[in-house]
Amino acid sequence: MAGILENLKLRDHYHMCGWCFLFWAIASLPGYSLLIKEFARRLINPSSVSHFTWNYGRSETNDYILGNFDTVFIEEVTTGEGATSMVIKLSTLKLPKKIPKWVCSKPSFSSLSGAYRIQITPETNQPSTSSSDFETEIQFLKNKLHPETLAGVLDSTADLDSSLKLFKWASLQKRFHHSADTYFQIILKLGMAGKVYEIEGFCNEMIKEKCPNYEHVLLALLDIFVRNSRLSEALRVLSCINLCSSKPSISVFNQLLDALVKEKKEFQDVLFVYKEIVKAGIGPNIDTLNYLIEALFAADRADAALDQYQRLDKKGCSPNGRTFQIIIGELVERGRVDEALVILDDMFRIQCEPDYSSFYTHIIPLFSDMNKLDIVRRLFIMMRASKFLPDSPTYGAMIKCLCENLLVDDAVKLVDEMVYSDVRPDDDVFMNILDGLCELNMLSEAKEFLNDKEVANVLPYNALLEAILNDGNFNMARDLFDEMFERNVIDHRSWNIMIRYLCDNKRLKDALKYLARMTVSSVSPDSSTYSALIIGNCRLGECEDALALFQQLRPTSGLIDLVSYAQLIECLCQKQKIQEAAKVFCFMSTKGCALQSTSFEKLMEGLCASGYTVRAIKLLPIAYYCGTLSSAAAYNSIMQGLFSLGRASDLFIVLSRMVVDGCTLDEETYCILIRSMISLGHIEKSALFLDLMLSQGLSPNSETLSKLLEYLVENNQVDMIFSSIDKLVSEFEVVDSAMYNMLINGLLKEGYKNKASFLLDLMLEKGWVPDASTHALLVGSSVEDETDTEKPSCDKFITQDTVGNILAEGLGKFE
């Protein structure tokens, strides 16, 4: 029998139940219990085990199959040669006398969590215990195997693989049972190694074996995993806690919720914990619900969060400062300010006074940014009444709100309070007060404030210097600059402010004096300095010097500002240096600098007027990609240029690009199109553009309308604009006497006598007399009417009378 057992090898999981039955049969024979023990000892050689799959525990079905096993352990061992074998440890074996037929229908045994397996692989980030060290630990435990001893050895073992082998080896030893401490050590190692799914099986097994003190072990594991940010592992432990009858305090759940919310985990994780609280029959407190509300906002479920807030009283909770901080902050961040104000009113109504400073330091700046002075003041008073000392940002928010409402005196008092409380004001505080004083035109007081507070930062001084120059007081600015220079509170911007002001006011020579002082002080000119000097030269019409400065700056990778850029382009165009302007535009466009629309219009106009229409068209995509807006005026210049070059047929291409760019067609655009269609002989299109133009409330200029009417009369096509005539004569004052004559002539020739008579009446109302050709046509039309049909219509009689009256009046005026 020993030889048979020596050669037995398990080839497939489907043979597992057969092996169980074989061991049961052998164990029932007298004298073979020692043989089974020797079999297990010879198969489990720790030094040769490299990989195993462990089915640990029993499901409800396995309890029936295996009877009353106190301990069942089945493992698959792959040896160095690749052979597979199986070991079973059985103690207090009691099997039913009759094994059901379906015993072997399952290929493997399952734990409580269902077919639970642990894959043990070497940890790359952990030192591997050598074989000799492992054998030493085994020998130590053989002589002193006890749960406390094993727990100590597991605690001192560095890598996970060795710990699992020791845990497994101890499980196979006769009369040994794991304690809560040994489970604690192995579960802790698995969790810290990131083996999320494996720890659940061990937790369930510990609960099933009812190891003494296991409830405290689960809570200790939960605490350790949370504190070490092992939240997935903590959730697994929590799912096992509710399997036992223990009811942990709500603080245990809140600790996990706090960690989940802070690390912005999935909302489903937070919801799982909340469900576990409900299943445990534990009532949530306000901290629990605050975490839930915060998680709902983080999941972008603001309405659900507000619903939870409305239902707080139904859950026996009252909102605290943290509740209001979360809801108000989140609503403001989402732009739902009105709802945030309603929540804040709730806080005032129930007289909730937050008992921690972070509420005020978070909420006060939010309402300060919205310039809600009354709210900021009330919260600030509540904060000081609660004995919380505002920090520098909170003071700054209060001061900013006061200065924006020009309550500068109150803001200065708060600065004095900050200094008295040893709270250092930051630069923004001084800047806000300075802005308020400058807004009130209290420039002398602003200078005095900076000197009294011994401000050493140059930013407030630069702001004051700029405000004085904007007020036009150069002498005061010069004195302040000299004081700054003497105190060495000066930087590049200080020099550039003075130089820019002088250049803007065409005082280039004085600006050059400051430039010389700047150079002597070892301060090199930067792009802002060049920008100012370019403006100074452009203001004086010195475009060549301005261009030279621009070219001098190019090799340094510096860029002038957009104002200087626009003025340089306009100056070059004004001096007919169109090609140079185009080169400057191309260079700045490659740097992503957008040109002002008005300056781009002048560049397009200059190029097209100089005959460079094709090049102007090529600049359009460059302008688009650098963010320069192409206006209707720029497109009009190109269309007029094409028309002047005799390329009217290409206008539709430019028109398409214009529409794609979102430019609205203006009066000049339509006039160019109408003239172009006349030159191409497209009568219908010219009439169509006139109709579109009038429908948008635009009227053609006299020159364009005169050319169109003349063209239509010559081609007997006045009827093409029949529907537009009424708008021309009634809504717009563009039709003059000559145009009336053309319209009347054209309509009479085409047989529209009623319409011609209507226009003649309007013409006479304006005091205009028809010319000779129109008069002749009218006379001929009247005689023809008299010899017309026997029963003329009412309209013809009206026309005849009208014509007669017109002739009489015209002849009277002629005499």
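Me: Does Asn 488 count as buried or exposed?

Reply: The general idea is a scale of relative accessible area, on which under 20% is buried, over 50% is exposed and anything in between is partly exposed, computed with a 1.4 Å probe on protein chains only. Asn 488 counts as exposed because its relative accessibility is 62%. Please keep in mind that this is a predicted model, in which local features need pLDDT of at least 70 and side-chain atom pairs count only at pLDDT 80 or more, while totals for chains, interfaces and linings use all residues. Residues are numbered from 1 along each chain as its sequence is written, and side-chain values use heavy atoms, with hydrogens and water left out.

Me: Where is the place of Asn 488, and what is its phi?

Reply: Most residues other than glycine have a negative phi. Asn 488, although not a glycine, has a positive phi of about 60°, and its place is in the loop between helix 25 (474–487) and helix 26 (492–504), where helices are DSSP runs of H or I with at least four residues, strands are runs of E with at least two, and both are numbered from the N terminus. Asn 371 also carries a positive phi, near 60°, in the loop between helix 18 (357–369) and helix 19 (373–385), and Asn 371 counts as partly exposed because its relative accessibility is 32%.

Me: How many salt bridges does the count come to?

Reply: A salt bridge is taken as a side-chain nitrogen of Lys or Arg within 4 Å of a carboxyl oxygen of Asp or Glu, and by this rule the count comes to 29. One of them joins Asp 223 to Arg 227, with the closest N and O atoms 2.8 Å apart; because these residues are 4 apart in helix 10 (residues 214–227), about one helical turn separates them. Asp 223 is partly exposed at 24%, whereas Arg 227, at 55%, is exposed.

Me: Which parts of the chain does the pair of Asp 561 and Arg 500 tie together?

Reply: The side chains of Asp 561 and Arg 500 meet in a salt bridge at 2.9 Å, N to O. Asp 561 lies in the loop between helix 29 (543–553) and helix 30 (562–574) and Arg 500 in helix 26, so the bridge ties together parts that are 61 residues apart in sequence. Asp 561, at 27%, is partly exposed, and Arg 500, at 21%, is partly exposed too. Elsewhere, salt bridges link Asp 300, Glu 330 and Arg 334 in a network.

Me: How many aromatic pairs does the structure hold?

Reply: A pair of aromatic rings is described by the distance of the centres and the angle of the planes. Rings of Phe, Tyr and Trp (its six-membered ring) pair if their centres lie within 6.5 Å, planes under 30 degrees apart being stacked, over 60 edge-to-face and the rest tilted. The structure holds 14 such pairs. Phe 481 and Trp 495 have ring centres 5.0 Å apart and planes at 75°, so they are edge-to-face; this pair links helix 25, which holds Phe 481, to helix 26, which holds Trp 495. Both residues are buried. Phe 485 and Trp 495, with centres 5.9 Å apart and planes at 80°, are therefore also edge-to-face.

Me: What sits over the ring of Phe 485?

Reply: A charge sits over a ring if NZ of Lys or CZ of Arg is within 6 Å of the ring centre and within 35 degrees of the ring normal. The charged end of Arg 517 sits over the ring of Phe 485, 5.3 Å from its centre.
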